Amino acid sequence: MSQDTSPIFGNLNWNVTPYTDLLRDVNSSTIIGAGAASVLVLGAIATLALLTYMRWWGPLYRNWLTSPDAKKIGIMYIVLGLVMLARGVIEGFVIRAQQATALGTLTQEHKVGLVAPDHFAQLFSTHGTIMIFFVAMPLLIGLINFVLPQQLGARDMAFPVLNQVSLGLTAAGAGLVMISLLIGQFGTGGWTMYPPYTGIDFSPGEGVDYWLWAILISGMGSTLTGMNFAVTIFKERAPGMHFMRMPLFCWTSLCVAIMLIYAMPALTVSSGMLMLDRYAGFHFFTNAAGGNMMNYANIFWMFGHPEVYILVLPAFGVFSEISSTYSGKRLYGYTSLVIASMSIAVISFTVWLHHFFTMGQSAGVNIAFGIATMIIGIPTGVKIYDWMATMWRGRVRITAPIVYLTGFFLLFVIGGLSGIILANPSIDYQVHNTTFLVAHFHNVIIPGVLYGMLAGIHYWFPKAFGFRLDETWGRRTAFLFVGGFVFTFLPLYVLGLMGMPRRSPTFQNPDFMPWMYIAAFGAVLMLCALTSLFWTFFTSYRNRMALAVPGGDPWNGSTLEWSTPAPVPEWTFPRIPYVAARDDWGERKRAGDPWKAPQQYCDIEMPANTAHGLLIAGAAFALGFAAIWHIWWLVILSFLAIPGVLALRGMRVIEPKVISAAEVRETDQRFRHLATTLAPITRAEEESERNRGVPDISEFAG
Amino acid sequence: MTKPNTGELSPEQGAREEIKSYAVGFVASLLLTAGAFVAVLSDLPSTIAIVLICVAALLQIITHLRNFLHLSFSGNQSREDLLLVLFSAALLTIMAGGTWYIMSDLSARMHGTPGTSAMPHDAANH
C-alpha cells in the first residue's frame with residue numbers, strides 16, 4: 001500500500017487498473033484481466049448508449065427505478081441476479097480452463113497456466129462471492145418479492161419503500177464487486193475470507209475491503225428484506241388466508257424470512273469485526289493482543305449454514321408449486337411439507353460447526369454437530385418423497401420446469417448423500433479442502449437453487465410479462481444445465497478422492513488430466529446453457545404475440561396469483577379476495593365460474609413512486625467505494641447522507657397514489673370479458689399457440 | 001387498502017403515549033450505553049466490568065423491544081409476541097451457547113493458554 005494517501009483521491013491512482021498490468025507484462029493472465037475490464041466498460045457504454053438511443057431513460061426511471069411495487073422490485077432483483085450469473089458462469093469456465101491446462105506449471109519458471117496464481121485466487125473468490133450473494137440471493141429474493149404478495153392475496157409488501165432500499169443496497173454491493181474488475185483487485189481469500197490471511201498484515205490493499213463492503217452493504221439489504229417478508233406474511237394475508245391455507249411457496253418464504261432475520265446479523269458482525277481489525281487496528285482475529293482467528297470461522301458459519309437453507313428453501317417452494325401444477329394434482333402431504341420446512345429452518349441453526357470440523361476442537365464437539373447435520377437430511381428427504389408422490393400417477397406435462405425438477409430429483413439426492421458422507425467428521429478429515437467438497441456443494445446448490453430459480457422464472461414469467469417462455473428453448477436450456485452440471489462436477493468427486501486440493505492453480509499428477517478434460521467439457525456445456533437461457537428470453541420476446549396469455553392462467557394453476565390477468569396490473573387484485581380454502585383459485589374453478597366479477601369496486605391506494613431507494617443505494621455505494629480507497633472526505637459525506645436522506649423523507653408528508661374505482665372497474669371488466677371470450681384450452685394443448693391463458697376448468701382436478 | 005388487523009390505535013389517540021414511550025426508551029438507552037462506557041473507564045476489576053456491560057446490554061435489548069418495537073405480553077398480540085421472544089431466545093441460546101461450547105473447547109486444546117491443564121487425553125497423543 002502506498003504511503004501517500006491523497007486527500008482528494010485517497011489511494012486511487014492511474015496504476016490500479018488491469019491495463020497497467022497489461023502494459024507492464026503481456027501474458028494470458030493480464031490479457032484476461034484487461035479483457036474482463038474491457039467487457040465491463042464496453043457493456044456499460046453499450047447499455048448507456050442503448051438507453052439514450054431508445055429514449056428509455058425516462059421510462060426506466062419512472063416505471064422501474066423509482067417504483068415501490070414489489071413485483072417490479074422482484075423483476076429488477078432477478079435481472080440483477082441474471083447479469084451477475086453471466087459473470088459467475090464465465091468465471092467458473094475460466095477456473096475450469098485454468099485447471100485443465102495447469103498440469104506441471106509449478107516447476108516451470110515462466111509458465112503460469114492460463115492465469116497467474118494470484119489472479120486465479122481472485123477468480124475463485126469473486127466466483128463464490130458473486131454466486132452466493134449476488135446471484136442466488138437476488139434470484140430468490142426477487143422471486144419471493146414477485147410471487148409472495150400475489151399468493152397471499154396482498155397488493156404489496158408490508159414496507160414497499162424499505163423493499164426499494166433493500167434492492168438498492170444489494171445492487172450497491174453488486175456494483176462494488178463489478179467495479180473491482182476495473183479499479184484495483186478483489187480479495188484472494190476465497191468467498192469466506194478467513195483471517196488471519198485476510199487481516200491487514202497479510203492482505204494489505206483494497207482486495208479484502210471490496211469483499212467486506214460489498215458483503216456488509218448487501219447483507220444489510222438482505223436483513224431488511226427478511227423483516228419485510230416476515231411482516232408481510234404475518235400482517236398482509238388476505239382475509240381467510242390462515243397459515244395452513246398458505247401455498248407452500250409462502251411457507252418456505254416465511255422460513256427464509258426467519259432465517260434472514262436471525263442469520264444475516266452474524267455475517268454483519270463477522271465482517272464488521274474484520275473491518276475493525278483492518279481499519280482501526282483492533283485484534284479480534286489476529287494472533288496478537290488476545291485475538292482468536294478461529295472465532296471468525298465460528299461466527300461466519302453461524303450465518304453460513306442457515307444461508308445454505310435460505311438459498312435452497314425458496315427452490316423447495318417452487319418445486320412444491322410446479323410439481324402440483326404440472327401433474328394436475330393436489331400437492332401430496334401439505335402438512336408434512338410445512339413441518340419439514342420449519343424443521344429445516346430451525347435445525348439449520350444447529351449444524352454450523354460441520355464447516356470447520358478440522359479446526360482442532362475435540363471429537364465430542366465434532367460428533368455433536370455431525371449428528372445434527374445428519375438429522376437435517378431427514379426433513380429434506382421427506383420433501384423429496386412428497387414431490388414424487390405428488391407427481392405419482394398424475395398426467396405430468398414435460399415442460400421446462402419439470403425437466404428442472406427431474407434433474408433436481410436425480411442430482412440433488414446425490415448431493416445430499418455426499419453431504420451425509422461429509423457429515424461424518426472422520427470422513428471429512430480425509431476429503432476436506434479437496435474438490436470432493438467443491439463437487440458436494442455445487443451438487444446441492446446448482447440443482448437445488450439454480451434449477452429451482454430457473455424453473456420458477458419459467459413458471460411465473462407469463463404472469464410478469466404477459467407471454468410464455470418458449471418451451472422448446474426452455475427445455476433445451478434445462479437439459480444443457482443438467483448435462484453441464486453432470487460433466488463439470490461429478491468428475492470433481494473423483495478428483496477429490498484422488499487428492500486434488502480445491503482452489504489450486506496448479507498440480508503435478510498427470511492422472512488428474514482425463515477428469516480435468518471432462519470437467520472442462522462440462523464447463524463448455526454450462527456456457528452453452530447460459531447462452532441458451534438468454535436466447536430463450538430473446539426468442540420468446542420476439543415471438544411474444546404468439547406466446548401471449550392475456551387470460552392469465554396458462555398452466556391451469558390453483559393458487560391466487562393465477563386469478564389475475566397477465567401481465568398482472570399494478571394493483572394485482574381489483575378487490576382483496578376472501579380466501580375460503582387452501583388453493584382457493586382451484587376451489588373456485590371446481591365451483592364453476594371462477595372469473596366472476598367482484599360486486600363492487602373501490603379506490604385503491606398504492607404507494608407513490610419515490611427515489612428514496614436510489615438515493616440510499618447511491619450513498620451506500622459511495623460510502624463503500626470511498627472507504628475501500630480511503631477517500632475520507634467522501635466517506636464522511638456519504639455516511640452522513642444516509643441518515644440525512646432518511647430524515648428528509650421522515651419530515652415530508654407523502655401522499656399515496658390513488659387509483660380510482662372507475663379505472664379499476666374498467667380494466668377489470670375488460671379482463672373478465674376477455675376471459676369469457678378466449679377459447680379455453682386443455683392441458684394437452686398447453687404448449688401450443690392456442691394457449692391464451694384461459695384453461696379448460698372442467699379439466700381441473702388438482 | 002385492507003383494514004389493518006394489528007390492533008393499531010388511531011394516531012390522535014395514541015400519539016401522546018407513543019411519544020412518551022419513545023422518550024423513556026431513548027433516555028434509558030442513552031443511560032445504559034453511558035453506563036457501559038463508565039464500567040470500562042472505571043477502575044473496577046475486569047470480571048465485574050464485563051458482567052456490568054452484559055447486564056447493561058441485556059437491559060438495553062429489553063428497552064428496545066418494549067419501547068421501540070412495542071412488544072408486550074398483554075393485549076391482543078401477546079401470544080405472537082411471546083412466541084417471538086421465545087423463538088429468539090432459543091436461537092440466541094443455540095448461537096451463544098454453541099460459541100461458548102466450541103470456543104472453550106478450542107481454547108482448552110491450545111498450547112500455552114490458561115486452562116491447558118485440563119487438556120483432554122486425545123490431544124496429548126502426539
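1. In chain B, in which helix is confidence lowest, and in which is it highest? Confidence is lowest in helix 1 (residues 11-41) of chain B, at a mean of 87, and highest in helix 2 (residues 46-68) of chain B, at 91, where confidence is given as pLDDT, the predictor's confidence in each residue, from 0 to 100. This is a predicted model, in which local features need a pLDDT of at least 70 and side-chain atom pairs count only at pLDDT 80 or more, while totals for chains, interfaces and linings use all residues. Residues are numbered from 1 along each chain as its sequence is written, and chains are lettered from A, with ligands numbered from 1, in the order in which they are written.

2. For the complex, the predictor gives an ipTM of 0.85 and a pTM of 0.93. Chain B averages a pLDDT of 79, with 77% of its residues scoring at least 70. Over residues 1-7 of chain B the pLDDT is below 50, and beyond near neighbours in sequence this stretch has seven contacts in the model, a contact being a pair of residues whose C-beta atoms, placed from the backbone, lie within 7 Å. Residues 115-126 of chain B also stay under 50, and for them the model has 13 contacts beyond four places in sequence. Where pLDDT is low, the predicted coordinates should not be read in detail.

3. The secondary structure of chain B comes to three helices and zero strands, where helices (H or I, at least four residues) and strands (E, at least two) are DSSP runs, numbered from the N terminus. Buried residues make up 5% of the 126 residues in chain B; a residue is buried if 20 or more other C-beta atoms lie within 10 Å of its own, exposed if 12 or fewer, and partly exposed in between, with C-beta atoms placed from the backbone. Among contacts in chain B between residues at least 6 apart in sequence, 44% join residues at least 24 apart.

4. Chain A has 20 helices and two strands. Its radius of gyration is 25 Å, close to the 27 Å that the globule rule gives for 702 residues, so chain A is as compact as a globular protein of that length; the radius is taken over C-alpha atoms, and the rule is 2.2 Å times the number of residues to the power 0.38. Along its principal axes, the C-alpha trace of chain A spans about 75 × 55 × 50 Å. Of the 702 residues of chain A, 54% count as buried, and residues 24 or more positions apart account for 82% of the contacts in chain A with a separation of 6 or more.

5. The domain assignment of chain A gives domain 1 (56-548) and domain 2 (549-610 + 654-702), with bounds that come from an automatic or database domain assignment. The C-alpha centres of domain 1 and domain 2 of chain A lie 33 Å apart, and 40 residues of domain 1 of chain A are in contact with 32 residues of domain 2 of chain A. On the side of domain 1 of chain A that touches domain 2, the elements that give two or more residues are helix 5 (117-152), helix 6 (160-179), helix 9 (294-326) and helix 14 (435-465) of chain A. By class, that side has 16 nonpolar, 10 polar and 14 charged residues, where Ala, Val, Leu, Ile, Met, Phe, Trp, Tyr, Cys and Pro count as nonpolar, Asp, Glu, Lys and Arg as charged, and the others, Gly among them, as polar.

6. How far apart are the end C-alpha atoms of helix 11 (residues 363-391) of chain A? They are 43 Å apart, which agrees with the 42 Å that its 29 residues should span at 1.5 Å a residue, the expected span being 1.5 Å times one less than the number of residues. Just after helix 11 of chain A, Arg393(A) takes a positive phi of about 60°.

7. The loop between helix 6 and helix 7 (207-235) of chain A holds Pro196(A), which a cis peptide bond with omega of about 5° joins to Pro195(A). Met193(A) is found in the loop between helix 6 and helix 7 of chain A as well; its phi is near 50°, a positive value in a residue other than glycine, and Met193(A) is buried, with 24 other C-beta atoms within 10 Å.

Notes:
Contact = placed C-beta atoms within 7 Å.
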